[in-house]
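Biologist: I would like to learn how to read ring contacts and helix packing. Could you take me through an example?

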Amino acid sequence: RELLLRNAAYRPAQKAQEQERRLVEASTFEQILGLSGSLRRFLLTTVLYLSLGTAFYTFIGFEELPGITSPVVAFYFSVETALAVGFGVLTPRGAWSAFFTAGFVISGAAILVNFLSGVVADLLEDAAEKRPWAPSASGRWSLIFSLLPLLCWWLVGTAFGRVHEGWGWSRAVLFAISATSTVGIQGLDSKDELSLLFCAIYLLVGVPLYASVLARVSLLVANELVKRRQ
């Protein structure tokens with residue numbers, strides 16, 4: 001028992017030393033932005049990936065939009081396709097563009113899985129350090145705080161649907177939730193660049209947020225179940 005207590009007391013100091021060592025070894029760019037190497041690589045990969053999709057779809061265009069395609073529209077479609085939301089509003093021109101789009105979807109799934117695996121690993125590490133299990137009241141508050149960012153983001157999507165699109169509450173809420181969950185059963189009625197840009201940013205933030213919150217809530221519920229069984 002003494003050995004277990006010593007190990008438990010040593011873990012925070014060990015983690016602090018590891019973080020200090022990483023900070024010393026970090027580049028100036030990492031120290032200024034506060035980004036770890038893995039997060040920096042993820043952001044760089046995401047930027048390059050979306051830039052490639054935006055350039056391709058700007059060049060190839062869409063069947064529903066005659067003439068030259070705006071980079072904003074191409075960026076919106078790249079985000080929508082990468083996150084597999086699939087509102088089904090736009091169709092790229094050309095038969096061979098379907099092969100590029102299929103590969104683009106698979107690549108987007110791989111990037112998202114890489115991001116979520118890091119989130120889940122961090123959650124498991126934090127959960128291991130917080131044992132023994134927290135009381136039920138603490139668990140409920142943790143659950144509420146975990147859901148709060150996603151609820152706030154859903155409010156942003158709902159407000160956009162109500163104010164900008166002129167929808168009723170039901171359609172606005174459906175858009176806000178289905179977009180972040182990648183179901184995509186309620187697309188935009190507006191096709192102007194500002195609306196599509198907002199939707200792209202809403203998806204780009206909302207889908208990873210939804211997935212990470214879902215992982216955190218699942219872990220909290222699992223911890224509570226284990227606690228009750230014990």
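Modeller: Gladly! Searching the whole structure turns up 17 aromatic pairs. Rings of Phe, Tyr and Trp (its six-membered ring) pair if their centres lie within 6.5 Å; planes under 30 degrees apart are stacked, over 60 edge-to-face, and the rest tilted. Phe 56 and Tyr 57 are edge-to-face because their ring centres are 5.1 Å apart and their planes lie at 80°.

Biologist: What should I know about the model itself?

Modeller: This is a predicted model, where local features need pLDDT of at least 70 and side-chain atom pairs pLDDT 80 or more, while totals for chains, interfaces and linings use all residues. Residues are numbered from 1 along each chain, and side-chain values use heavy atoms, without hydrogens or water.

Biologist: Which residues form one aromatic cluster?

Modeller: Tyr 49, Phe 56, Tyr 57, Phe 62, Phe 77, Trp 96, Phe 100 and Phe 104.

Biologist: And how do helices pack?

Modeller: Helices are DSSP runs (H or I, at least four residues), numbered from the N terminus. Axes, fitted to C-alpha atoms over the stretch in contact, are compared by their N-to-C directions, from 0 to 180 degrees. Those of α4 (residues 71-82) and α8 (residues 193-229) come within 9 Å and cross at roughly 30°. Therefore α4 is roughly parallel to α8 (angles under 35 degrees).

Biologist: Which residues of α4 and α8 meet?

Modeller: With contact meaning heavy atoms within 4.5 Å, Val 72, Val 73, Phe 75, Tyr 76, Val 79 and Glu 80 in α4 meet α8 residues including Leu 196, Leu 197 and Ala 200.

Conventions: Helices (H or I, at least four residues) and strands (E, at least two) are DSSP runs, numbered from the N terminus. Angles under 35 degrees count as roughly parallel, over 145 as roughly antiparallel, 65 to 115 as roughly perpendicular and the rest as oblique.
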